[in-house]
Amino acid sequence: MNNIKEIKNELLNDSYYEIDHSSGLKIFVYPKENYSSAYAVFGTKYGSIDTRFRLEGEKDFICVPEGIAHFLEHKLFESEELDAFARYAKTGASANAYTSFDKTCYLFSCSGNFRQSLEILLDFVSNPYFTPETVQKEQGIIGQEIKMCNDDPGWESLFSLLRAMYHNHPVKIDIAGTVESISHITADLLYSCYETFYNPMNMALAVAGNVTVEQVLSVADKILKPKASKKIERSFEPEPETVVQDTITRKLSVAMPIFAIGYKENIKTPERTLKEALESAILLDIIAGKTSNLYEELISEGLVNTTFDTEYFEGYGYSAHIFTGESTNYEKVRERINGEIMRVKKEGVSREEFDRIKKKHYGSFIMNFNDIDSIANDLVGEYFSGCGLFERLSVLESITAEDIDARLRNAINIENSSMSVIM
Amino acid sequence: MSVSAYKEIAKGVKLLCVNSEKFKTNCIKIDFYLPISRHFAAQNVLSSLMGHTSKRYNTFKTFNGKVESLYGADFYSDIATVGEKVRLCFSMELPDDRFSLDGSKISEDAVDFLIDIIKNPNCENGCFDSEFTAREIRFTLENIEAEKNDKRAYALSRLRQLMCSGEPYGIDREKLENDIKELDGEKLFSAYEDMMKSSTVVITACGSLNGDMLTAKFTDFMNSVKDRAPERLETVFVEKADKIRYFNEQMEVNQAKLVIGLRTGMKNSDDNYFAYRVMTDIFGGGPYSRLFMNVREKMSLCYYCGARLLREKGIMFVQSGIEEENYRQALDEILNQLDIMKNGEFTNEDFESSISALADAFRGVGDSPVSVCTFMASQAFDGELIDGEEYAEKLSKVTREQVIECAKKVTVDSVYLLSGEAEDDE
């Protein structure tokens, strides 16, 4: 039996359905009236940081090569007969996949033949097929993907920063691994990872757009079989509070130095709440957003250009407030950011700024509900973080200016930061 | 979605509002089209300046503050070339009025804002403020220089310049940078006046905003611009390349970037367009395409290898990232696949996969206000306006024979390789 629950939001005048499928899989269906297309994403809570794990009851943890989650994503498209892309070619759907630090997602969008495409998605993700030959073939392709990323200074700058901030946490390793690390990947290792992380209890399916619950369930009932599931135990080495190094520089061919400055949060528990994450986003807008005094000053003084930006970066066991941009005088930029952090800490956030930025986040929340791809991806992402899709709104409403002051005091310490420079 | 036609609301100004109740947001987009001219450098700076400050909102803080107050609206100003037309675009997407917390009409406020920043830029007595001009010149130059950071985009831009040198399309970066350095507030103002008077303007909106309000405001505004005389917009189509030219440049890269420029044989942007679209897609579109299946999947030479048709100029680009030592092998295979297209040796499956993928994608084009605006605006110069469904129909009617006929007209013009710097022998 499938247990179905409707979740409504009055402001948006939208609903979605949360289904506990008989296979053990969590399924979300978000129908969109008068839409022509549909978007489906099938994800597993398994990403590049999951390098050491075991199933409950097993004796030893296994350690896998860096980049294997991403490698597995590539290989899952293959099967003994037609690969998934060749099957999608018959339905007209546009398919893709991505791997992040903490999840791997397979997706497609289509306007017609929805059921056939969903059948392909559920089927190929449920049926792995790896051989030494196909693994070897992929090493060439992924090797080129890695080299492509190595030519992207923004990407390289972020990973340099993560290596400067984190001693042990695997967030510092490149999502795709290295040409060397992926050379150790074998078909057997791929099967081990697959068996551990690709089970319904660790996965979710979300579909949005021109679809009904019945359509989705008719396919899910046909393809998905219950699977014995065991608890996954992940193992992370303890991460010291401090950063590894203050500054890290690398040479790449760039027009102007690219910097990333990260403030590592000293966390007592591995996961941040949705409230903390939203507070951090508001906080970063107040300190250095496009309407902040600091932004205006740095721009006017010629210290940065309009690429200057901020990001709250967090996941299981890591959390940092990051400032990025291009500058010939990055040391000065860092000084100024530190100064602004100290000023806001001392004076508190201004009520007017807080109100305006909160209103902006309210608007951004609404704007997310046009696009079926962001709806489906957010459904999976929020579920893996233990939240509901609409929760963001009530949490946002509950945040006060005092919460932001407290978040700043607790989460950003200018003594515990690193800077990476690509020059 | 009901699509009528663009309405002429002033001389050379077309407006279309696609009303749809299904969205949470409204999108408004204003495009100014001009020929690539002596003002090109100034237009680059103007696009940046007008997207950052205006007379009323003359700091980043006040300008962005206004945008933020429109419930975190996404606002963009950018400049691009479409064939040999320059397009300066100002666009905004924001939550619909029904989400306003105090009952204010956010969409009307947004229209007023867009008109205000275009009508009243940050200038006085025929001259843009010198300090702001200098700052925006810096941003524009840094932005052009930063293209080097994205090796893939840089390689494409170099191929374009080398292949089309002598055509307005082949924009010379160095000349552009020098021209920008020579600018001042007065030159910028003269480019601004030229934009207001000589452009063809395309205004497109989508959502549940009030179309009458939008039309009335833009009609008033555009009719208040004196002496409008839109310039003719033409693009030269070079149908054929006589021989292949080879270029090799070096930079510090981990992966070599290969770009091939081809002349498609199109005589204008409507010449067999749908057949060319399908041909390009079978050759190097999705994962079912010849290039993906062979250069990537069979030969493991790359992560990406694809082809793109530039309808407005009648050219095609093929791009791939490879090991430098595999250059010859990759190039040979790409050209071999092109021959397969010309000889009609692609399979029926290749053909059908491409048609169904393209048609499927266009059928979904009406599912976001931004994609509706982009899709409609791209047809503003066409005789008829069609929706995604009709577009898909036209693609579905393309025959195998038409595809082969198009492929036969394709000639390779230029091959460009951006490779790593040779190591010193010492």
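**Contacts within and between two chains**

Me: Domain 1 of chain B and domain 2 of chain B are joined by 6 salt bridges. What makes the pair Glu167(B) and Lys313(B) one of this kind?

Reply: The side chains of Glu167(B) and Lys313(B) come to 2.7 Å, N to O. A salt bridge requires a side-chain nitrogen of Lys or Arg within 4 Å of a carboxyl oxygen of Asp or Glu, so the pair qualifies. This is a predicted model, in which local features need pLDDT of at least 70 and side-chain atom pairs count only at pLDDT 80 or more, while totals for chains, interfaces and linings use all residues. Residues are numbered from 1 along each chain as its sequence is written, chains are lettered from A and ligands numbered from 1 in the order in which they are written, and side-chain values use heavy atoms, with hydrogens and water left out.

Me: How is chain A divided, and how many residues of its domains are in contact?

Reply: The assignment for chain A gives domain 1 (3-234) and domain 2 (247-422). Their contact takes 46 residues from domain 1 of chain A and 43 from domain 2 of chain A.

Me: What is meant by the area buried between the domains of chain A, and how much is it?

Reply: Buried area is the accessible area (1.4 Å probe) that two parts lose on being put together, summed over both. For domain 1 of chain A and domain 2 of chain A it is about 3,700 Å², and carbon and sulfur atoms give 73% of this. Leu161(A), Met165(A) and Tyr166(A) supply 15% of what domain 1 of chain A buries there, more than any other three residues.

Me: Why is the pair Glu156(A) and Arg250(A) called a salt bridge?

Reply: The closest N and O atoms of Glu156(A) and Arg250(A) are 2.5 Å apart, and the rule finds 1 salt bridge across this interface of domain 1 of chain A and domain 2 of chain A. The separation is within the limit for an Arg nitrogen and a Glu oxygen, and therefore the name applies.

Me: How much area do chain A and chain B bury between them, and how many salt bridges cross their interface?

Reply: The two chains bury about 5,200 Å² between them, with 52% of it on carbon and sulfur atoms. Gln144(A), Asp151(A) and Met367(A) supply 13% of the area that chain A buries against chain B, more than any other three residues. The rule finds 6 salt bridges across the interface of chain A and chain B. One of the salt bridges pairs Lys90(A) with Glu349(B), at 3.0 Å between the closest N and O atoms.

Me: Why is chain A described as compact?

Reply: The radius of gyration of chain A, taken over C-alpha atoms, is 23 Å, close to the 22 Å that the globule rule (2.2 Å times the number of residues to the power 0.38) gives for 423 residues, so chain A is as compact as a globular protein of that length. Along its principal axes, the C-alpha trace of chain A spans about 60 × 50 × 45 Å.

How values were computed. Domains from an automatic or database assignment. Contact = heavy atoms within 4.5 Å.
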